[in-house]
Amino acid sequence: MNALTNRAKPVDRRKMNFMERIYLVAIFKGMMITFSHIFKKKPTINYPEKTRPFSPVFRGLHILNRDEEGRENCTACGLCAVACPAEAITMEAAERQPGEEDLYREEKYAARYEINMLRCIFCGLCEEACPKDAIYLSETFAPSDYQRKQFIYKKEDLLIPHPLKQPEEYKKALGNKVKREKAN
Amino acid sequence: MSEEIKTFKVTIDNITIDVAPGTTILNAARQIGGDVTPPAMCYYSKLEGSGGKCRTCLVEVAAGSTADPRPMPKLVASCRTTVMDGMVVKNITSDKVLDARNGVVEFLLINHPLDCPICDQAGECHLQDLSYEHGTEGTRYEFKRRTFEKEDIGPLIQLHMTRCILCYRCTYVADQITDKRVHGILDRGDHAEISTYISKAIDNDFSGNMIDVCPVGALTDKTFRFKNRVWFTKPVDAHRDCENPKCCGKATLWLRGDEVYRVTTRTDPWGEVQSFDGKPGWICNTCRFEKKKTSDWVVEGLTTISRHSVIGANKYAKLEMPKDTIKEVLDGRDPKLLMDIHSVSGVNNPEIYLSELDRPAHIEDFAKPTEHKLDKPGQPSLLNEEKK
């Protein structure tokens with residue numbers, strides 16, 4: 001059989017001589033490599049005290065957006081659910097009642113909205129499919145947990161804090177998104 | 001040879017077909033089928049007098065007839081122009097037609113709101129399909145769009161006048177299928193609107209058919225309103241013996257699990273109601289709005305959905321579920337679930353029957369199990385009935 005590349009090296013099966021058999025030279029050579037790393041720049045950081053900047057295309061945990069008056073953007077149109085390749089998103093729609101105009105932006109809203117983070121593959125297709133600017137993948141990791149049921153994220157877990165009632169939390173939740181938009 | 005029937009030879013986009021005299025160009029093109037057929041928003045072959053309003057079916061006539069082969073000076077509406085012997089028609093092979101159609105779509109969309117995410121018609125909307133093919137991404141219109149006050153036209157049908165493209169199909173239904181016309185067009189021009197006189201509720205037996213006839217989401221089923229998106233429901237063909245002699249009893253059920261969310265007439269490839277024995281298969285309001293149980297119907301099988309349609313997305317091509325063999329393999333034990341999704345999830349709760357609500361759902365409806373109406377002791381399983 002011909003080799004595909006010329007990089008293949010045949011195994012050296014000769015008998016080892018005395019110097020090779022005591023391994024001291026090989027160990028010393030190996031330790032020199034280890035020792036030299038002490039003077040090199042550390043590639044790790046002390047997470048979570050220090051965090052790395054996220055790439056602008058990072059796709060983390062989802063947030064459900066609100067408009068500037070704090071009304072929910074989502075209208076339960078189901079486009080994220082039909083776009084989702086992992087079928088992680090499910091929802092139930094309801095009709096807005098008179099007097100709820102400050103809660104929901106449109107006539108229809110999602111009464112229930114769930115993302116199964118066990119199924120989600122963080123591909124971001126829901127974000128692309130959304131016509132209402134309602135779902136975003138934020139710059140947060142999905143936290144680990146001991147129980148499966150903690151990974152069913154409901155609407156309360158996903159909604160961004162109210163921009164008027166909780167302005168600080170809202171600003172924090174926005175993250176670097178605003179900066180990026182300004183840069184564009 | 002029996003006596004010869006006189007036919008006209010007509011060529012549409014280089015495909016020649018023999019049709020009976022008096023056939024319109026649109027119907028001749030429908031006999032050929034495929035891409036050659038011009039789209040139609042207002043013409044409805046089962047409604048007499050429809051057509052000629054939307055201008056989406058414009059075609060170019062390159063040669064009038066064998067006797068007079070001059071081309072027609074302007075594009076003609078194919079739904080209203082009858083064929084002549086030796087007529088040569090250009091539809092998609094003509095740049096003029098495609099350009100005109102793009103213009104017509106732009107006109108139709110001037111006042112049409114972009115509320116597809118809310119609209120129940122999305123996914124089966126003819127205007128949506130049309131604008132995908134012919135529309136532009138943006139709009140050049142800078143003025144205020146035409147809007148209407150919301151009007152309640154009864155407990156069964158939801159009217160969204162803002163979405164209306166004034167195709168007049170529903171008024172023809174009111175005229176021809178129901179025996180007492182209570183709804184029509186008011187005012188003229190830009191102010192024209194569909195309405196029932198003094199908001200008179202439509203309580204005719206066949207009024208529900210105007211939902212199916214509406215090419216956009218102007219008339220939608222109020223009992224299905226916001227319950228689910230069309231493409232998450234599964235269409236099956238079913239029939240029942242209807243007491244109403246005018247009702248054909250053959251319908252399409254839109255299922256979610258074992259629940260019947262919506263009942264519509266069956267549609268032919270042109271999006272019109274299917275004909276049975278030469279008669280259009282309209283269904284009565286009892287079948288459409290009240291028979292929301294699978295036991296009311298005899299399910300025939302899955303409805304064939306065009307593979308380009310979003311309605312066919314993420315669906316199994318079979319109605320029967322495959323046999324569950326896990327229990328057999330485990331000597332009759334049930335598999336140990338690490339998590340039952342219904343114990344955590346608030347969506348698709350098996351104890352909530354949205355089909356039993358005759359209004360759009362409210363947020364409280366998802367908080368507690370549905371209280372069954374007296375005559376509806378739960379939903380019998382469709383799959384069990386299949387096995388019998």
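Q: Which residues are exposed on the other side of α3(B)?

A: B:Tyr132 and B:Glu133 are exposed there. Residues are numbered from 1 along each chain as its sequence is written, and chains are lettered from A and ligands numbered from 1 in the order in which they are written.

Q: Which residues of helix α3 of chain B are buried?

A: In α3(B), residues 126–134, the buried ones are B:Leu127, B:Leu130 and B:His134. They line one face of the helix, because their directions fall within an arc of 60° seen down the axis of α3(B); the arc is that of the directions from the helix axis to the C-beta atoms. The general idea is that an α-helix has 3.6 residues a turn, so residues three or four places apart point the same way. Helices (H or I, at least four residues) and strands (E, at least two) are DSSP runs, numbered from the N terminus.

Q: What covers the buried residues of α3(B)?

A: The cover includes α2 (95–110) of chain B.

Q: How do I read a nonpolar core, and which residues touch the most other members of the largest one?

A: Think of a set of buried Ala, Val, Leu, Ile, Met, Phe, Trp, Tyr and Cys residues joined through C-beta atoms within 7 Å. Here the largest such core has 110 residues, and B:Ile165 and B:Leu253 touch the most other members. Strand β3 (residues 108–116) of chain A gives the most to this core, with 5 residues. Leaving out residues up to four places away in sequence, B:Ile165 touches B:Met41, B:Cys54, B:Leu108, B:His112, B:Leu127 and B:Val216. Touching, or contact, asks for C-beta atoms, placed from the backbone, within 7 Å.

Q: Why does B:Thr220 count as buried?

A: Because B:Thr220 has 21 C-beta neighbours inside 10 Å. B:Thr220 sits in strand β9 (residues 219–221) of chain B. Its C-alpha atom is separated by 8.2 Å from that of B:His160, 60 residues apart along the chain.

Q: How is chain B divided into domains?

A: Domain bounds come from an automatic or database domain assignment. For chain B that gives domain 1 (8–103), domain 2 (112–126 + 145–221), domain 3 (230–312) and domain 4 (325–387). The C-alpha centres of domains 2 and 3 of chain B lie 21 Å apart, and 13 residues of domain 2 are in contact with 16 residues of domain 3.

Q: How many residues does each chain bring to the contact between them?

A: Chain A brings 23 residues and chain B brings 22. On the side of chain A that touches chain B, the largest share, 6 residues, comes from β2(A).

Q: Where in chain B is confidence lowest, and where is it highest?

A: pLDDT is the predictor's confidence in each residue, from 0 to 100. Where pLDDT is low, the predicted coordinates should not be read in detail. Confidence in chain B is lowest in helix α9 (residues 382–387), at a mean of 41, and highest in strand β4 (residues 76–77), at 95. Overall, chain B averages 87, and 93% of the residues score at least 70.

Conventions: Predicted model: local features only at pLDDT ≥ 70, side-chain atom pairs only at ≥ 80, totals over all residues. Buried ≥ 20, exposed ≤ 12 C-beta atoms within 10 Å, placed from the backbone. Contact = placed C-beta atoms within 7 Å.
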